[in-house]
Amino acid sequence: MPDLMLLALLLAAIAIGWWLGRREQGRSTSASPPTNRLSRDYFVGLNYLLNEQPDQAIETFVQALEVNSDTIETHIALGNLFRLRGEADRAVKIHQNLLARPALTAGQSDQVQLELARDFLHLGVLDRAERLLQPLARECPDETRRQTAKRLLVDLYEREREWHKALETAHPQLTRQDAATRRAAAHWLCELAELDMHSASPALARKKLRQALSIDDHCVRANWLLATLERDTGHYKQQIRLLQRLAEQDRDFIPIILEPARDAYLKLEDEDGLERCLTQWIERAPHISTIIMLARQIEQHDGLEAAARYVSEQLARTPSLRGLDYLMSLYLDTPDPDQRQPVTLLKQHTAKLLEARPRFRCHRCGFAGGQLHWQCPRCRQWGTTKPITGLEGE
Ligand SMILES: [Zn+2]
C-alpha cells in the first residue's frame, strides 16, 4: 500500500477513534450502559490496517462509523481519498451508502451528490454524472455548489464534444468570471464553426466565429478560420487582412500563418507586398521561419550570396539552429566542391538535432509535439499550445 494512503487511513482511523471516544464519554454520563461493539470494530479495523489489509479495514471502519452530522465529513473525505487514489469504484460505494441515509440535511445531500458525480466522471460513466449534476447546476440553493456543478457539467460536455451544451451551461455567468472558461468558450464556437464549414454553411460559420471573437478577442483560431473561409471563396486580400490581424493578436503564432500568407500574396501576384509584410512581422518578432521565408525571396531576385548575408546578419542578432541549418543549405548550393564537403557533414548534424525537436509546446503543462493542438491533449486547456521559440525553436 502506498505510504500516502496508509497515512491517510491512519488519520481517518484516529479521527474515528476520537469520535468513538467522545461518543462513549457521552454515553457514560447518561443512564444507558456503555456497549463495546463500536470500540471493538474500531480495533478490528485498526488491526486490519496494521496488517496491510486496507479493504477489510475500510469495510470495518465504514460499518463502525455511524452516519450523523459529526461523521458525515469523515465519510465524504474517505470516499474522496479513494477517488484521488484512482479507486473511484470504492468512492462510489461510500458516497452511495451515504446518500441512502436519512440523517443527511439537504445541503449535505447536495455535497455528497457532487462528490458522487465526480466519482462517475472519474470512472467515465458520464450519463450518471450528468443526471446528478443537471439538477444541482440548475437549482442548488448554495451558490458555490451550483457553480461547481456547472463547471463539472462543462467538463463533461467538453469530453462528449457537446459544444452547444457546454456553451449553454457556461455562458454568460462562468465566461464572465474566469479567463480560462472564456478562452474555452471561444474555442467551442470555433469547433461548431468548423462543423458548419464542413457542411458548406460559411455564413453560419462566420457568425459563430465573430461571436467567438466577441467572447474572447484574443482567440487566434477564430481569425485563422475566418481567413480560411476567405481563402476558400477566393478573397485573398481579406484573407491577408485577417492573417495580419492574427499576427497582431499574438505574434507567437506568426510561424503558422506564413504559408497561407505567402500563397495569398502569390495568388495576387504581389511579391513586393509579401516582402513588406514579412519585414514587418520580423520587426514584430524575429521568428526564424519568417526570416527564412524572406531570405528565399531575396535569393530569388538578388542571388545566393545576398540571401546568405541577410541570414547571417539575422543570426548574429537572433541565434537559431534552424537558421544555421538553412544557412548551410545555402552554402551547399555553391559551385565550389571544397567548400561543400565540410558543410555537408555539419548539415547532417543540424538536421539530426532538428529532427528530434518538437515544434509546439503547451505553456501550461509543458506537453510538446510536432503538431498544433488547439486543446492540449494532456492538460485539456484551450489555446495554451504555441510554436516553440528560442535557440532550438522559432
Ligand atoms: Zn497542456
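Helices here are DSSP runs of H or I with at least four residues, strands are E runs of at least two, and both are numbered from the N terminus. A pocket is an open set of points on a 1 Å grid over the protein atoms alone, where a 1.4 Å probe fits and protein lies on both sides within 12 Å along at least five of seven lines; lining residues have an atom within 4 Å of a point.

Before going on: this is a predicted model, where local features need pLDDT of at least 70 and side-chain atom pairs count only at pLDDT 80 or more, while totals for chains, interfaces and linings use all residues. Residues are numbered from 1 along each chain as its sequence is written, and side-chain values use heavy atoms, with hydrogens and water left out.

Of its 15 lining residues, R151, V154, D155, E158 and Q381 lie nearest the centre. Helix 8 gives the largest share, five residues. Because domain 1 (178-234) and domain 3 (357-394) both contribute to the lining, the pocket lies between them; the domain bounds come from an automatic or database domain assignment.

Now for the largest pocket, with about 410 Å³ of space. It has 21 lining residues, and S289, I292, R322, R359 and E394 are the closest to its centre. Helix 15 (254-267), helix 17 (288-302) and helix 19 (321-332) are the elements that supply two or more of the lining residues, and helix 15 has the largest share with five. Domain 2 (250-356) and domain 3 both line this pocket, so it sits between the two.

C362, C365, C376 and C379 coordinate the zinc ion through their SG atoms at 2.3 Å, where donors are N, O and S atoms within 2.8 Å of the metal (3.2 Å for Na, K and Ca), and sites may look incomplete since water is not among the atoms. The donor angles run from 102 to 114°, which makes the arrangement tetrahedral (four donors, all angles between 85 and 135 degrees). Along the chain the spacing reads C-x2-C-x10-C-x2-C.

Methods. Points joined across faces, edges and corners; volume = space filled by probe spheres on them. Tetrahedral: all angles 85-135°; square planar, octahedral: opposite > 155°, others 65-115°.
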